[in-house]
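Open the model in your viewer and show it as a cartoon. The tour below goes from one selection to the next and says what is there.

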Amino acid sequence: MTIERIDFAVIGAGPAGMAAAVLAAELGLDTTLIDEQDAPGGQIYRGIERAEPGNNLGAEYFAGLPFAAALRQSGAAYLPGTAVWHIDPDGTLSLISATGSQTASRTIRARRILLATGAVERPVPIPGWTLPGVMTAGAAQIMLKTAGLVPSGRAVLAGQGPLIWLVAAQLARAGAPPALILETASPANYRFAAHRLPAALWPARRALAKGLGLIREVKRAGIPIVRRVTGLRAIGGARGGQRLQRVAWNGGELPADLLLLHEGVIPNTQISLALQLEHRWDAAQLCWRPVADAWGATALPAVSIAGDSGGIAGAEAAALTGRLAALDAASFLDKIDPAERDRRARPLRRALRRELAIRPFLDALYRPPRATLVPQDDIVACRCEEVTAGQIRRAARLGAQGPNQAKAFTRCGMGPCQGRICGSIVSQVMADTLRRPIQEVGAYRPRAPYKPITLGALAGLQNE
């Protein structure tokens, strides 16, 4: 088996990964950027190189063009369509890539690895969320970015967070405005957020203005908005098993062909959990986040973290943390000295403080409702294995002390997604049932392969 040796491996080609790879290559590191997508951009800038100028996605989306262009012009190697399925603590990465029907295996050993795997949408386990016709707002945005597809029929956007307003505005520009927006932010959220607004007003003024501008645009488009929504549910046909027919909430309902759900995003911690890095429960953002220092360095010397995979902060902040991680990697690998690292980092840290100023306000304003975090017994929590929240509670009462023990009782988390969707639900349901702090209950411990791979790919790896 041939092992390629490099200085710096970056996993993920979103803003953090692209910014880190470009700066690391500039600083003289032999850098490789590994990306599951077929082109750079990550989720937020997905398809950016193919985007038509002046399309409906807005200036925020086209801010990704300079990142992608800089990556293409840098000395960093770029591996698109490539997934990392295992990482050893010594920095060895096992990769698999697909070309048509053929798969190829590859092994790289890096002196430093940067996890820039971004975020995933928080699961929204409402009644009927497994019905055909129910999907996430982010999924609809991906189809718009990659193929210019918009929903046909009557679409309803439900939930809360900046993405709700952005997707609504983008769909309206594309000529397919949602029939209705159901906002779930509670009055208590508004009160808590109001206390945090003064500290954010000046440093976050541009972000606040951008958000208010999106809301005004949605209102000008004539999209109806229902606020303080509770009891959200998706309803299918009378016999069950049919696709979505109606969206209902306490106080109303509407026929619908598509329901787009969103309750914010959480860090993608699949790899950092598999590496057994320490994670802490973020009580403000209600998610697990890996423990890292101000440079993104972790307790595992070969591994650092940048971007939303280390805590939700947005695209601009992600790029800044990616550059900070690249500076630290260059210092760690003796390309620059610590004094040079610190000097270059000062303006980045000032800019990062400005970007983070709005987070306490947003975290308070868009705090998910309890029903999203701790669903009712009859609601499916693990979509892959069709395990309900009630079955998870029963496992806890029978002696399971955490998500990993619940697997043995229920198979929850053992499906193709390997717990990416159900992980946060299971931890919170078990903590609530056992009446213990969620930090004590813990999170899943994923195992390799991080993504499903074929036996043929493994055989190919051995035959290299």
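## A network of salt bridges

Select Arg-112, Asp-328, Arg-341 and Asp-342: salt bridges link these residues in a network. Keep in mind that this is a predicted model. Is Arg-341 buried or exposed? With a relative accessible area of 15%, Arg-341 is buried, because buried means under 20%. Asp-342 has a relative accessible area of 29% and is partly exposed.

In the whole structure, a search finds 21 salt bridges. For one of them, select Lys-451 and Glu-36, whose closest N and O atoms are 2.6 Å apart. Where do these two residues lie? Lys-451 is in the loop between helix H16 (438-441) and helix H17 (455-463), and Glu-36 is in the loop between strand S2 (31-34) and helix H2 (59-62). The pair therefore ties together parts that are 415 residues apart in sequence. Lys-451 counts as partly exposed at 24% relative accessibility, and Glu-36 counts as partly exposed at 45%.

## The three-stranded sheet

Next select strands S12, S13 and S14. They form an open sheet in the order S12-S13-S14, with antiparallel pairing. Which strands stand at the edges? They are strand S12 (233-235) and strand S14 (252-255). Each has a single partner strand, so one side of each is left without a neighbour in the sheet. On average, neighbouring strands of this sheet are turned by 20° against each other, direction ignored.

Look at S12 and strand S13 (residues 246-249), which run antiparallel and are joined by three bridges. Click on Ile-235, and then on its bridge partner in S13, Arg-246. As you follow a strand, watch which way the side chains point. In a regular strand the side chains alternate between the two faces of the sheet.

Arg-246 is partly exposed, with a relative accessible area of 29%. Glu-253 also counts as partly exposed, at 45% relative accessibility.

## The five-stranded sheet

Now select S8, S15, S9, S10 and S11. How are these five strands paired? The pairing is parallel, and the strands form an open sheet in the order S8-S15-S9-S10-S11. At the edges are strand S8 (134-136) and strand S11 (225-226), each of which pairs on one side only.

Within this sheet, pick strand S9 (residues 155-160) and strand S15 (residues 258-263). Six bridges pair these two strands in the parallel sense. Show the side chain of His-262 in S15 and find Gly-159, which stands opposite.

## A hairpin

Move to strand S17 (residues 279-282) and strand S18 (residues 287-290). The two run antiparallel and are joined by four bridges. Select Trp-281, then its bridge partner in S18, Trp-288. How many residues lie between S17 and S18 in this hairpin? There are four, and Leu-286 in the turn has a positive phi of about 55°.

## Two helices packed together

The crossing of H1 and H9 is right-handed.

Show side chains where the helices meet. On the H1 side, select Pro-15, Ala-16, Ala-19, Ala-20, Leu-23 and Ala-24. On the H9 side, the residues they meet are Ala-315, Ala-318, Ala-319, Gly-322, Arg-323, Ala-326 and Leu-327. By class, this contact of H1 with H9 has eleven nonpolar residues, one polar and one charged.

## A last stop: Leu-214

Finish in helix H7 (residues 205-220), where Leu-214 is found. With a relative accessible area of 11%, Leu-214 is buried. Which residues does Leu-214 contact, leaving aside its neighbours within four places in sequence? The contacts are Trp-165, Leu-166, Ala-169 and Arg-173. For a distance across the model, select Leu-214 and Val-441: C-alpha to C-alpha they are 39 Å apart in space, and they are 227 residues apart in sequence.

Definitions and conventions. Residues are numbered from 1 along each chain as its sequence is written. This is a predicted model: local features need pLDDT of at least 70, side-chain atom pairs count only at pLDDT 80 or more; totals for chains, interfaces and linings use all residues. Side-chain values use heavy atoms; hydrogens and water are left out. A crossing is left-handed if the near helix is turned anticlockwise from the far one by less than a right angle, and right-handed if clockwise. Contact means heavy atoms within 4.5 Å. Ala, Val, Leu, Ile, Met, Phe, Trp, Tyr, Cys and Pro count as nonpolar, Asp, Glu, Lys and Arg as charged, and the others, Gly among them, as polar. Two strands pair if DSSP finds at least two bridges between them. Buried means under 20% relative accessible area, exposed over 50%, partly exposed in between (1.4 Å probe, protein chains only). A salt bridge is a side-chain nitrogen of Lys or Arg within 4 Å of a carboxyl oxygen of Asp or Glu. Axes are lines fitted to C-alpha atoms, for helices over the stretch in contact, and angles run from 0 to 180 degrees between N-to-C directions.
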